[in-house]
Amino acid sequence: MTMATLPTYTHLLVDVKPIADTNRTVGWVQLNRPKAYNALCNSLMVELASALALLDNDPNVGAIVVTGNDKAFAAGADITELASQSAMDMHRTNPIGDWEAITHCKKPTIAAVNGFALGGGCELMMMCDMAIVGMGAKFGQPEVTIGVIPGAGGTQRLTRAIGKARAMQLTLTGQTFSGEEAYAMGLVSQVVADDEVVPTALALAETIAQKPAMAIQAAKQAINQAAETTLSAGLQVERHLFHLSFASADKTEGMAAFREKRPPVFTHH
Ligand code: CO8
C-alpha cells in the first residue's frame with residue numbers, strides 16, 4: 001500500500017514500508033506536531049487510534065513502528081487543551097480511552113524515541129511492546145509539576161517496569177532521565193546513538209515481520225499476560241497458545257524446513 005491509498009491525517013505521517021523481496025510490510029506512524037513538541041492533543045490521539053487499527057488489520061503488516069522527530073517523541077498530553085477541562089469534563093469524555101488503542105494492537109509495536117518523551121509521551125512509549133531509544137532522549141513523568149498525576153498508565157506501567165522505589169522517586173520529583181538510564185532500569189529494550197534510532201527500529205520491525213505471524217501474535221499475547229495476571233493463570237494462557245500454534249501452516253512448514261535442512265517459506269497462516 002502506498003500513501004496514496006492511506007487516509008491523510010492532520011497530525012500524523014502514516015505509511016507502510018515494503019520489505020525487499022517479500023510481500024511483508026512494516027507499518028509506520030510518525031507523530032507530526034513539530035511546533036508543539038508533538039503534544040498529544042485529542043485529535044492526534046483519535047487519528048492515532050484509527051491509523052493503528054488500519055495497520056493492525058492489514059494482513060501484510062508484520063510490525064508497527066511509532067516515532068516522533070529528532071526533538072521529541074512527544075512532550076506529553078496537550079496542556080493547552082487540558083487547562084480548560086474540569087474534572088467532570090474529563091470524567092464525561094474520558095479522552096484517555098483513545099490512548100489505549102495501541103495496547104489493543106495484535107501486531108508488535110515498537111516505539112522509536114528521540115528527544116523528549118515526557119508525561120503522556122513516556123506513557124505512550126510504555127504502551128508499545130518495545131522501545132528503541134536514543135542516548136540523547138529525555139524521559140520523565142513531570143505531571144506533578146503542573147498539579148496533576150500521570151493519567152495514561154504511568155504510575156502502573158513505570159512501577160511494573162522499574163520497581164516501586166525508582167518509579168516513586170521519578171514521579172514524585174518529575175525529574176527527567178536519559179536514554180541510557182532508561183535502558184539500565186529496564187524500561188526500554190535498546191539504547192543506540194540518536195541517528196541510529198529509526199534504522200534500528202525499522203530493522204527490528206523487518207526482522208519480526210518476516211517471522212511466522214501467528215507465532216508472533218501468540219508470543220506477544222502470552223508475554224503480555226505476564227504483566228496482567230498471576231503466574232499460574234499466565235502459564236495456562238501460554239499453554240493454550242502453545243498448543244494452538246501447532247494448528248498453523250507455518251508450524252508444519254517451519255518444522256519440515258528444519259528437518260529438510262532448507263530455509264522455511266512462511267505463509268503467515
Ligand atoms: N502541551 C502543549 N504544548 C506544549 C507541550 C505540551 N505538553 N510541550 C511543549 N509545548 C509547546 C510549548 O507551549 C511551545 O509552544 P509555543 O512555541 O507556541 O509557545 C512549544 O511547544 C515549545 O515548547 P517550549 O518553548 O517550552 O520549549 P523548551 O525547549 O523550552 O522546553 C519542554 C521543552 C521541556 C518539552 C517543555 O515544553 C515542557 O516542559 N513541556 C511540557 C512537559 C509536560 O509537562 N508534559 C506532561 C503533560 S501532562 C500529561 O502528559 C498527562 C497525560 C495523561 C493522559 C491525558 C489524557 C487526556
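Mentor: Let's go through the ligand, a threonine and the cysteines. This is a predicted model, where local features need pLDDT of at least 70, side-chain atom pairs count only at pLDDT 80 or more, and totals for chains, interfaces and linings use all residues. Residues are numbered from 1 along each chain as its sequence is written, and side-chain values use heavy atoms, with hydrogens and water left out.

Trainee: How many residues surround the ligand?

Mentor: A residue is near a molecule if one of its heavy atoms lies within 4 Å of it. Tyr37, Ala75, Ala77, Ile79 and Gly120 are the closest. Counting the whole shell gives 23 residues.

Trainee: How does the shell divide into nonpolar, polar and charged residues?

Mentor: Here Ala, Val, Leu, Ile, Met, Phe, Trp, Tyr, Cys and Pro count as nonpolar, Asp, Glu, Lys and Arg as charged, and the others, Gly among them, as polar. Sorted that way, the shell has 15 nonpolar, 4 polar and 4 charged residues.

Trainee: Which residue has a polar backbone atom 2.7 Å from an oxygen atom of the ligand?

Mentor: A polar contact is a pair of N or O atoms within 3.5 Å; within protein, one must be able to donate a hydrogen and the other to accept it, and residues adjacent in sequence count only if both atoms are side-chain atoms. For the side chain of tyrosine 37, the distance from a ligand oxygen to an N or O atom is 2.9 Å, and for a polar backbone atom of alanine 77 it is 2.8 Å. The 2.7 Å distance belongs to glycine 120.

Trainee: Is threonine 230 buried or exposed, or partly exposed?

Mentor: Buried means under 20% relative accessible area, exposed over 50%, and partly exposed in between (1.4 Å probe, protein chains only). Threonine 230 sits in the loop between helix 10 (213–228) and helix 11 (231–245). Its relative accessibility is 49%, so threonine 230 is partly exposed.

Trainee: How many disulfides does a search of the whole structure find?

Mentor: A disulfide is a covalent bond between the sulfur atoms of two cysteines; the cut-off used is a pair of sulfur atoms within 2.5 Å. The closest cysteine sulfur to that of cysteine 41 is in cysteine 128, and at 18 Å it is too far for a bond. For cysteine 105, the closest is also in cysteine 128, at 8.5 Å, again too far. The search of the whole structure finds 0 disulfides.

Technical notes. Helices (H or I, at least four residues) and strands (E, at least two) are DSSP runs, numbered from the N terminus.
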